[in-house]
Structure formats: C-alpha cells, structure tokens
Amino acid sequence: MRWLRSAMAVLAFWLVLAIPAQAGELAWGVLIALAIGLWSVVFLWRGGDPGVGARQIPGLLVHLIEMLRSIVPAALQLIGILIRRSMPLRPGVFKYTTELEGDAARVALANSITLTPGTHCVEIDGNELTIHCLDPSFARSIRSGDAEREIRRVFEPGASEVDGGR
C-alpha cells in the first residue's frame, strides 16, 4: 500500500499543476503517478516509509501558512533590490548543521529554504545542508534556527519542548 500512497501524493501534486486537464491527460497522469509511486517504494524507500503520514498533514498545513508569511516579505525584499538596482548584494554559501532526525524532515527543511526567495539549499549531506543566499539577511531565519523549529514541530512533536527550542 505504500506505493499507492506515494502515487496518490504524486497525482495530487500533478493535479494542482495540471488542472484544467483533458481526459487523456488525466489518464496519462494517473499512469505516470502509479509508476512513480511504485518506483519510489522500490528505489527510494526500500527500508521503510519516508516518515510522512496523516498525522503530519495538519502540521504541514500550518507550516505552509508560516512559509507564506516568510516568502512574501522575502519576495518583496528581493523585488525591492531588483527595482532599486543600487542595493549591493553579498552572495555567499554557508553550511548549516541540522539536528532533525528523519530524512523527510531534513528534505522538508531544505525545500522550505529553497522556496524562500534569496536562499537555496544546494546540497544535503547527512545532517549538513549547504545553502546559498543572495545576502546574509535572507538567511536570518535559517541561522537562528527558526526554520528548523518550524519543521521540528511537524516531524518531531514534543522535541522542541525537550531541547529548549533547538
């Protein structure tokens, strides 16, 4: 059943991107989603589930709202930089070591970083993330641990109370 859950997740994501779609496109979408679901279980998660279940859905929705609250100001700041053309950028790459335990949690953190304008997670190597940012100001929530705490609330409930928030 894991492959079916994976296929349903892929199909739901594809539908968000593809609607409106015609019947033929929907049929191909279902077939490809089923193939990706099977492939993910055989090759990606051979040892078990990736760690995302129905219990994480409410937390992920809350995290999505929090992400929007981060993305909008960052996007506006980036637009301001582009319009003014006079604000100097100081791009850089830095390493961030996370204490998140599961692969799904680390990937969610990396994706959250990449979705925020001005930052991009270049690589995940175990607990170490390599992050590129256009300016150090874009990486404040990463360096302070705020981004990680948001993900921890979703994937490791109770951990933030035990470790004092980080």
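Predicted model: local features only at pLDDT ≥ 70, side-chain atom pairs only at ≥ 80, totals over all residues.

Trainee: Why is Glu 148 called buried?

Mentor: Glu 148, which has its place in helix α6 (residues 146-155), has a relative accessibility of 1%, and since buried means under 20%, Glu 148 counts as buried.

Trainee: What makes the link between the side chains of Glu 148 and Thr 98 a polar contact?

Mentor: The distance given for the side chains of Glu 148 and Thr 98 is 3.2 Å, and the cut-off asks for a pair of N or O atoms within 3.5 Å.

Trainee: How do you know that the length of helix α4 (residues 103-115) agrees with what its residues should span?

Mentor: At 1.5 Å a residue, the 13 residues of α4 should span 18 Å, and because its end C-alpha atoms are 18 Å apart, the two agree. Among the buried residues of α4 are Ala 104, Arg 106, Leu 109 and Ile 113.

Trainee: Why are α4 and α6 called oblique to each other?

Mentor: α4 and α6 pack at an angle of about 140 degrees, with their axes 10 Å apart. Roughly antiparallel would need an angle over 145 degrees, and roughly perpendicular one of 65 to 115, so α4 and α6 are oblique to each other. Their crossing is right-handed.

Trainee: What makes strands β2 and β3 a pair?

Mentor: Pairing takes at least two bridges, and six bridges join β2 (residues 119-125) to β3 (residues 128-133), which run antiparallel. Ile 124 stands opposite Leu 129 in β3, and the two strands form a hairpin with two residues between them, where Gly 126 in the turn has a positive phi of about 65 degrees.

Technical notes. Residues numbered from 1 in each chain as written. Heavy atoms only, no water. Helix = DSSP H or I, 4+ residues; strand = E, 2+ residues; numbered from the N terminus. Buried < 20%, exposed > 50% of the residue type's maximum accessible area, 1.4 Å probe, protein only. Polar contact = N/O pair within 3.5 Å; in protein donor to acceptor, adjacent residues only side chain to side chain. Expected span 1.5 Å × (residues − 1). Axes fitted to C-alpha atoms, helices over the stretch in contact; angles between N-to-C directions. Parallel < 35°, antiparallel > 145°, perpendicular 65-115°, else oblique. Left-handed = near helix turned anticlockwise from the far one by under 90°.
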